[in-house]
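Look at the sequence and the 3D view before reading on.

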There are 2 protein chains.
Amino acid sequence: MKIKDIGEFGLIERIHAKAGRSSYPVVIGIGDDASVLDVGPRNQIVTTTDMLVEGVHFLRDSIEPFDLGFKSHAVNLSDIAAMGAAPAQSFLSFGLPPDMEVETIDTFMDGFMEVGEGVPLSGGDTVSSPHGWIISVTVIGTSPAGRVLRRDSGVPGETIWLCGPVGDSAAGLSILLGQTTKVDEQGAQFLIKSHNRPLPQVRMGRILLEAGISNCAIDVSDGLLQDLGHICKRSKLGAELELESIPLSSPIKELASANGLDPYRWALRGGEDYSLLFTVKPENEKKLLRVLEKEEIAAVPIGRTVPGKGVRVFRDGSEVETGPDGGFDHFRERP
Amino acid sequence: MKIKDIGEFGLIERIHAKAGRSSYPVVIGIGDDASVLDVGPRNQIVTTTDMLVEGVHFLRDSIEPFDLGFKSHAVNLSDIAAMGAAPAQSFLSFGLPPDMEVETIDTFMDGFMEVGEGVPLSGGDTVSSPHGWIISVTVIGTSPAGRVLRRDSGVPGETIWLCGPVGDSAAGLSILLGQTTKVDEQGAQFLIKSHNRPLPQVRMGRILLEAGISNCAIDVSDGLLQDLGHICKRSKLGAELELESIPLSSPIKELASANGLDPYRWALRGGEDYSLLFTVKPENEKKLLRVLEKEEIAAVPIGRTVPGKGVRVFRDGSEVETGPDGGFDHFRERP
């Protein structure tokens, strides 16, 4: 039996089965946005890691080294944000072709450090790679002892909030891949930048945790429907989304309109926006609204958690068909 | 200018220059066996990461998956040991060819977990890799707040101690590469196992730190001369080694003799033994000897730290020429 026969999910299950019982002081092991380690009375340690491979995750000629550095750090910072933790240090391991220009690495590092906003690079590894560029990033954050935003902490009756855009990254990718025809240069650049330089919602995550506003969050990396589905599955609940509550940028609306597409398709299924999705109990809504105003952060309610399971989507009060497994294959053919 | 023009050292310098000032709470950033993060009054966090690339660090056909799993975890655990920390959790990111057999990963994981002796795998990433296997491991350990074995904490007048073998791994590799002719199967298997399943000196490292016996250690990954050279450079001191104090296994002596080689060449220059090299002040020697006896750990004094710089090697009282840069190219041509 080969890896392609069991897929990524099957492979992770198999590795997980051999991972050793995740015992104290490992509070969270495999299965959330990041791992949590208890290290004493004050703080706990929140750790995430990601690998990017040239030819699989990116093509060297189609992304600027600055953007690649920016994004490879951003996706890990976003996982830390989804736990409500504060990034403390990063690690970067490089597999590099020996004939790569040194300036490429300089520019990559500039992007990597820019999105980190002061998080120091504390270590890593540099190795030769004959077949292409490999990037492995680890980010360690800290959160107050015993407290973290978890995927499995949602309960029915909460409001679902979204901080950050959804769909812009996928729309930008469609332009880069030539799948859509852009309307105007400025709008196209906005969408492409959303894809190449996603902004991790680190500040929102920390505030949610520190102010005790939310217990449950995930970052939108696979797509809104799928990531909300992760919360539902882990928290053993269902969710109802109101499509018209999901904010769309002007460029995504214009691009969709010009290409005869429904922009909500990108908003629900498009990944790599690295927005923050979180749930809030009714009694904490006022506190959240005060914080959003004071900190000048934009976040909006887009639905609610309910008993049951799975994500249901409503548009102007009518349910929309979203397809099996939280997928969205039939969205455009809705009745 | 290309990466091959500036080499790994030049590349690291360049990345380091952009890494951000390693400020509190990052106690140690780039430059030691692992990074140290202050997280509160009780513990600190010690982190290391390594990347292995197929075709560069290993050939898939010449190492068993079990051994590859064992070794890829061992080299990181060894870095944690060299800080005197206790491993707490590991992370494993895989780049894998889709046509790889699933059982290969199962066996890899068995080796990975075996050397960890209970350290849980807490996360990672699994991605497709078209050109070969990529392995990126991160290990996080803990040590008491404010205390760690550092490369730069040696002072003149200390005894240099070695815990674990040196040279066996390089001798084993010489057999695997067909550079030497093996004497007997049992001896060959001993040396090859030293190369494929090196044992990180985690227990020794923790004891040295917890009992306050040493402040300064490094693991022997590049070779005894080179790694002792790292301590000398970072601690701004010199070192004198007594060749006859360095213990050699029977198989390495027999292999060297049968092939007309000097076994000390492997012992001084061979890497990948993952032994622990540490310095001890005269007033702590008695405590060390008591601990070694009580815990049944084998470690031996092999030299001393002195004012000045660089490593000098003596054999039966006469200095041995070791070549420039701590290398050992002229060892066999000594007068």
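## How the two chains meet

Two residues are counted as in contact if their C-beta atoms, placed from the backbone, lie within 7 Å. The model is a predicted one. The contact between the chains takes 72 residues from chain A and 72 residues from chain B. On the chain A side, at least two residues come from each of helix H1 (3–17), strand E2 (35–38), strand E3 (43–53), strand E4 (86–96), helix H3 (102–116), strand E5 (121–128) and strand E6 (134–144). Sorted by class, this side of chain A has 33 nonpolar, 26 polar and 13 charged residues.

How are the two copies related? A rotation of 180°, with 0.0 Å of shift along its axis, superposes chain A on chain B with an RMSD of 0.0 Å. The copies are thus related as by a two-fold rotation axis. A:His131 is the residue of chain A that comes closest to this axis, with its C-alpha at 3.2 Å. Of the interface residues of chain A, 100% are also interface residues in chain B, so the copies meet through the same surface.

## Two domains in chain A

The domain assignment divides chain A into domain 1 (3–144) and domain 2 (159–333). The C-alpha centres of these domains of chain A lie 23 Å apart. Their contact takes 19 residues from domain 1 of chain A and 18 residues from domain 2 of chain A.

Which elements supply the domain 1 side of this contact in chain A? Helix H2 (65–82) and E4 of chain A each give at least two residues. H2(A) has the largest share, with 11 residues. By class, the domain 1 side that touches domain 2 of chain A divides into 11 nonpolar, 4 polar and 4 charged residues.

## The sheet of six strands

In chain A, 6 strands form an open sheet with mixed pairing, in the order E1-E2-E3-E6-E4-E5. Strand E1 (26–28) and E5 of chain A stand at the edges; each has a single partner strand, so one side of each is left without a neighbour in the sheet. Direction ignored, neighbouring strands here are turned by 20° against each other on average.

E2(A) and E3(A) run antiparallel and are joined by 4 bridges.

Strand E7 (residues 159–163) and strand E11 (residues 300–306) of chain A run antiparallel, with 4 bridges between them. Within this pair, A:Ile160 has A:Gly303 in E11(A) as its bridge partner.

## Hairpins in chain B

Strand E1 (residues 26–28) and strand E2 (residues 35–38) of chain B run antiparallel and are joined by 2 bridges. B:Ile28 has B:Val36 in E2(B) as its bridge partner. The hairpin of E1(B) and E2(B) has 6 residues between the strands, and B:Gly31 takes a positive phi near 130° there.

E2(B) is also joined to strand E3 (residues 43–53) of chain B, by 4 bridges, and this pair runs antiparallel. B:Ser35 is paired with B:Thr47 in E3(B). Between the strands of this hairpin lie 4 residues, and B:Gly40 takes a positive phi near 140°.

## A helix pair in chain B

Helix H2 (residues 65–81) and helix H3 (residues 102–116) of chain B pack at an angle of about 35°, and their axes are 6 Å apart. The crossing of H2(B) past H3(B) is right-handed.

Residues of H2(B) in this contact include B:Phe66, B:Phe70 and B:Leu77. Those of H3(B) include B:Phe108, B:Met109 and B:Val115. By class, the contact of H2(B) with H3(B) has 10 nonpolar, 7 polar and 3 charged residues.

Notes
Residues numbered from 1 in each chain as written. Chains lettered and ligands numbered in written order. Predicted model: local features only at pLDDT ≥ 70, side-chain atom pairs only at ≥ 80, totals over all residues. Nonpolar A, V, L, I, M, F, W, Y, C, P; charged D, E, K, R; others polar. Domains from an automatic or database assignment. Pairing = 2+ DSSP bridges. Least-squares fit on C-alpha atoms with pLDDT ≥ 70 in both. Axes fitted to C-alpha atoms, helices over the stretch in contact; angles between N-to-C directions. Left-handed = near helix turned anticlockwise from the far one by under 90°.
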